[in-house]
Amino acid sequence: MFRAINYELYVKPNNVVMAIGLIGMTGCIGYIAYMRSKYKDMGYYTAVGPDGTETFQKKVSKWEI
């Protein structure tokens, strides 16, 4: 029963699968960071409406005419 439930404890690690997973995770994190910086440079922020919906709005300064 123990070997059937905890398969990862007695199987030899597969470095190829581990490398593919690491590259995939790094790519996803890099893409999220890129998208966040892109929207931050454009001047957008996430605004939450009274009904709970989230929208991207451009930052507006009260000092500008």
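Tutor: The model shown here is predicted, and its protein chain contains two helices and two strands. Along the sequence these elements follow the pattern α-α-β-β. The radius of gyration of the protein chain is 22 Å, well over the 11 Å that the globule rule gives for 65 residues, so the chain is more spread out than a compact globule. Its C-alpha atoms fill a box of roughly 70 × 30 × 10 Å along the principal axes. Of the 65 residues, 3% count as buried.

The part requested consists of β1, residues 44–48, and β2, residues 54–58, which pair in the antiparallel sense over five bridges. Within this pairing, Tyr-45 stands opposite Gln-57 in β2. The two strands form a hairpin, with five residues between them. In the turn, Gly-52 has a positive phi of about 95°.

Turning to the helical part, α1 covers residues 2–5 and α2 covers residues 15–42. The loop between α1 and α2 holds Val-11, which counts as partly exposed because its relative accessibility is 31%. Together with Tyr-7 and Tyr-10, Val-11 forms a nonpolar surface patch with about 280 Å² of accessible area.

An unreviewed UniProt entry places a "transmembrane region" at residues 16–34. In the model, that stretch is 100% helix and 0% strand, with its end C-alpha atoms 27 Å apart.

Terms used: Residues are numbered from 1 along each chain as its sequence is written. This is a predicted model: local features need pLDDT of at least 70, side-chain atom pairs count only at pLDDT 80 or more; totals for chains, interfaces and linings use all residues. Side-chain values use heavy atoms; hydrogens and water are left out. UniProt positions are given in the numbering used here, feature names are shortened, and annotations may be inferred rather than shown by experiment. Helices (H or I, at least four residues) and strands (E, at least two) are DSSP runs, numbered from the N terminus. Patches are made of residues with over 30% relative accessible area and no salt bridge: like charges are joined within 9 Å, nonpolar side chains (Val, Leu, Ile, Met, Phe, Trp, Tyr) within 5 Å. Accessible areas come from the Shrake-Rupley method with a 1.4 Å probe; for residues, only the protein chains shown count as cover. A salt bridge is a side-chain nitrogen of Lys or Arg within 4 Å of a carboxyl oxygen of Asp or Glu. Buried means under 20% relative accessible area, exposed over 50%, partly exposed in between (1.4 Å probe, protein chains only). Two strands pair if DSSP finds at least two bridges between them. The radius of gyration is taken over C-alpha atoms; the globule rule is 2.2 Å times the number of residues to the power 0.38.
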